Amino acid sequence: MKNLMTENFEIQETWPQIKTVGLAGIIVTFSGVLSEPANRAAIAFLAAARSAEWEELEESNSTLVSTFLKIDLSVHRLEPIIERLQNLVDSRDWLAAPLPSGRTLWRVPTLFGTDRAPQLTEAAELAGQTIEQAITDLSTTSMRVLTIGFAPGQPYLGTLPEYWNIPRQTKITPNVPAGSLVTAVRQFCLFPYATPTGWRHVGVTGFLSFRPKSERPFPLSPGDEMIFDPVTEAEFLKIESSDQSGNGGAQTEMLK
Amino acid sequence: MNRTLIVRSIGPAAAIQDSGRTGFMSAGLTRGGASDPAALHEGAALLGQMPSCAVLEMAGIGGVFEATSDIRIALSGAVMDATIDGATVQWNASHLLPACSVLKIGAARRGNFGYLHVGGGFATPSYLGTQGCHMSAGLGRLIAKGDILPVGSDASTDTGFYVVPEQRLDGGKIRFVRSMQSDKFEGRTITRFTKTDFRRDPRGNRQGIRMDFDGEGFQSGGQLNIVSEVTIAGDIQITGDGTPFVLMHECQTTGGYPRLGTILPCDLNKVSQAPIGSSLKFELLTFKEGAAIQARSSAVLSGLRKSIKPLIRDVTTIQDLLSYQLISGAISAKNAPLDEG
C-alpha cells in the first residue's frame, strides 16, 4: 500500500505486490521470477477476483506470475479498491492454491523436426540431447498452459526439464507458419498464425489456438495441459489435408 | 430504402472502426478499435447518436463515396479536404449527403486518421461481438474500391453542425504517469526522458510507434531479467537498445520489455495523430494529477453533444439569442474555428 503511492524508486522485494498500471488498472504479482506456484497463484487469484463481481472491473487476465484487473482509475477511487484487493491477497496462501477445476488435457498430433520444423537439431544440441531423446522430452512432458497472451489464443506452456533452459536466438526467424511449436527457456509457444520469432522452431501441428469463425474461438484456458504426440510425416500430411476445423486431430480429456 | 455508400475509390488503409472489443484480454486479444477514440465522440455528437456507432477510419488518404439514398454524414479527426458534388464542405462538421451525390475526401492536411461517420452508423458485420477491425488479429479487412458499405437506419434529419475538437493533431506535450515497472528505471533516466525532444518515427503501426531521439538510450537496470508482463495501450516500452516505443490500441497483451510509464488515454490520441517527424515531449504527472486530467477529458467528450454549434446561424433557431454579442459582430459563420483541431 505504502509503496504503491510513493513516487520514489525503492525496489519492493516482498510478495505479492500490488501496483497500479497507468490509469488502466491494478496488477497483483506473486513472484519476481516464473515459478509453478506463482503461476498457479495468479490463475487462482484471477478466479477469486472475478467471482467477487466488483462493478468497477472491466476485464481481467492472468499472465505468467500476475493477475491484472482492468479498472478505469480516472473514474474509480484507488484507495478502496486497493483495500479490497489487499484483503483478498491476505485471505489465504495463494502459492498453495489449487489449480482451477474443469481443466482439459489436449493431446495434439505433432510432427517434430524434418524440413517443416528445421530447428529441432539445433535445439537438441543446445539442450545436450540426441534428437531421439529430445523428441521423447518434448512429446512426453505434460505442458501446462501458463498464460494465454501476446497473440490471440496463444498459449505459453511450461515447463520442460532444466536442461531445456535454452536462450532465445539473438537473430529473429522472419516467419514460422501457423500451428508452429517453438521453444526457449523451458517453455513452448504454439502460434495461432504465421509470425516472426526468437524461439526455436521444433515442431508443427494443425492445432490453431485462435479460430475466429468457430463457436469457440479460443479453445485453451490457463491451467489446461497439452501433450504433443509425435506422428510421422505421412500421418501429419493426412491430418493437414483433412482437417478444416483448426483442431488438427487433437483429442481431449477432462482433468480432475 | 437501400441505404448504402458505394466506394468509388479509397486510400490504402481505410477500415471500419469503433471503440473496440473488451472481454478478450485474457484470451490474448487487446481492445483495438479506432486510433483516435476522441474522434468517435465528436462525430457522434455532431450526428446526435451514440459514440459506439461504427465509422470509417481513413489513414492518411480518404476516398470517393456515392450515396444510394439521403445519408447524414459527419467528418472528424485528421483534417482532410472534403467536397460534396464538388462543393467544399467543412471538416469537424455534419452535412447531408443527398442520394446519388458524391463525397470526395482527399489526403490528410493535419493529423493521420480522418473519420467518416454516417447517421445510424455503418451496418457492417461483427467479428467477436463488434464491428471494428483488428488488423493484427486478422479480424475484418481493409475497405477496397467497389465495396458497398451498408448504413444503419437513422431517425434524425439534423445536419449542419460543427464542433471545436480537442487539440491533438500536431504532436506536442504528452503526459504520462508512472506504471508498474517505472521503479526498474533510475530517477535520472526518467528525468532525462522528460527533458528529451522526441520525434515521431516513421517506424510505427497499430501495435506501437517508435520515438526517435538524439543521444543515449533509456535502459533500465533490470532490463534483461524481468518476467513478461501485461501490456496496455499507452505504455512507454523501452526496447533492449534503450529506444522508447509507445504501445498503441492493437498492442500485444503481454510484453517482456520494461515499461517506463503509461501515457494518459487523452494524450495517446495525440501520439496517434502526430505526423511523422513532428516533435513530442513527455511530461510526468503524479497519479492524482493524471487521473484528474483524464477524468476532465472524459467529461468533455461525454458532454460534447451540448457544445455543438450550427454551421450557419439562422436567428429564428437561436434559443439563447440574448447571450450572443450581436453588436460587435463577434459571431461569424464563415470564420468559425472549424480547423483548429
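Domain bounds here come from an automatic or database domain assignment. With that in hand, here are close-ups of a predicted model.

**View 1. The two domains of chain A, with centres 29 Å apart over C-alpha atoms.** Chain A splits into domain 1, residues 17–96, and domain 2, residues 103–255. Where they meet, 8 residues of domain 1 of chain A are in contact with 8 residues of domain 2 of chain A. Together the two domains of chain A bury about 600 Å², and carbon and sulfur atoms give 54% of that. On the domain 1 side, look for A:N39, A:I43 and A:L64, which lose the most area to domain 2 of chain A and make up 52% of what that side buries.

**View 2. A salt bridge between the domains of chain A.** The count between domain 1 of chain A and domain 2 of chain A is 1 salt bridge. Zoom in on A:R144 and A:E36, whose side chains meet in a salt bridge at 2.5 Å, N to O. As for polar contacts, the rule picks out 3 residue pairs across the interface of these two domains of chain A, both partners at pLDDT 80 or more. Helix α2 of chain A (residues 36–51) gives the most to the domain 1 side, with 4 residues. By class, that side has 3 nonpolar, 3 polar and 2 charged residues.

**View 3. Domain 1 against domain 2 in chain B.** In chain B, domain 1 is made of two stretches, 4–163 and 304–316, while domain 2 covers 172–285. Their contact draws 24 residues from domain 1 of chain B and 15 residues from domain 2 of chain B. About 1400 Å² is buried between these domains of chain B, with 45% of it on carbon and sulfur atoms. There are 11 residue pairs in polar contact across this interface of chain B, both partners at pLDDT 80 or more. On the domain 1 side, the elements giving two or more residues are α1 (37–47), β5 (71–84) and β8 (102–118) of chain B. The largest share, 4 residues, comes from β8(B). Sorted by class, the domain 1 side has 10 nonpolar, 11 polar and 3 charged residues.

View 4. B:S35 is found in the loop between β2 (14–17) and α1 of chain B. This serine counts as buried because its relative accessible area is 8%, and the cut-off for buried is under 20%. B:S35 touches B:E57, B:F113, B:Y115, B:R206, B:H249, B:N269 and B:S272, leaving aside residues up to four places away in sequence. Two of those neighbours, B:R206 and B:E57, pair up in a salt bridge, with their closest N and O atoms 2.9 Å apart. Between domain 1 of chain B and domain 2 of chain B, the count is 1 salt bridge.

**View 5. Where chain A meets chain B.** Here 43 residues of chain A are in contact with 39 residues of chain B. The two chains bury about 3300 Å² between them, 63% of it from carbon and sulfur atoms. The count between the chains is 1 salt bridge, and A:K19 and B:D183 bring their side chains together in a salt bridge at 3.0 Å, N to O. Polar contacts across the chain interface come to 13 residue pairs, both partners at pLDDT 80 or more. Elements that give two or more residues to the chain A side are β1 (17–21), β2 (25–29), β3 (59–62), β4 (66–70) and α3 (78–90) of chain A. That chain A side divides into 23 nonpolar, 12 polar and 8 charged residues.

Notes. Residues numbered from 1 in each chain as written. Chains lettered and ligands numbered in written order. Predicted model: local features only at pLDDT ≥ 70, side-chain atom pairs only at ≥ 80, totals over all residues. Heavy atoms only, no water. Contact = heavy atoms within 4.5 Å. Buried area = accessible area lost by both parts, 1.4 Å probe. Salt bridge = Lys/Arg side-chain N within 4 Å of Asp/Glu carboxyl O. Polar contact = N/O pair within 3.5 Å; in protein donor to acceptor, adjacent residues only side chain to side chain. Nonpolar A, V, L, I, M, F, W, Y, C, P; charged D, E, K, R; others polar. Buried < 20%, exposed > 50% of the residue type's maximum accessible area, 1.4 Å probe, protein only.
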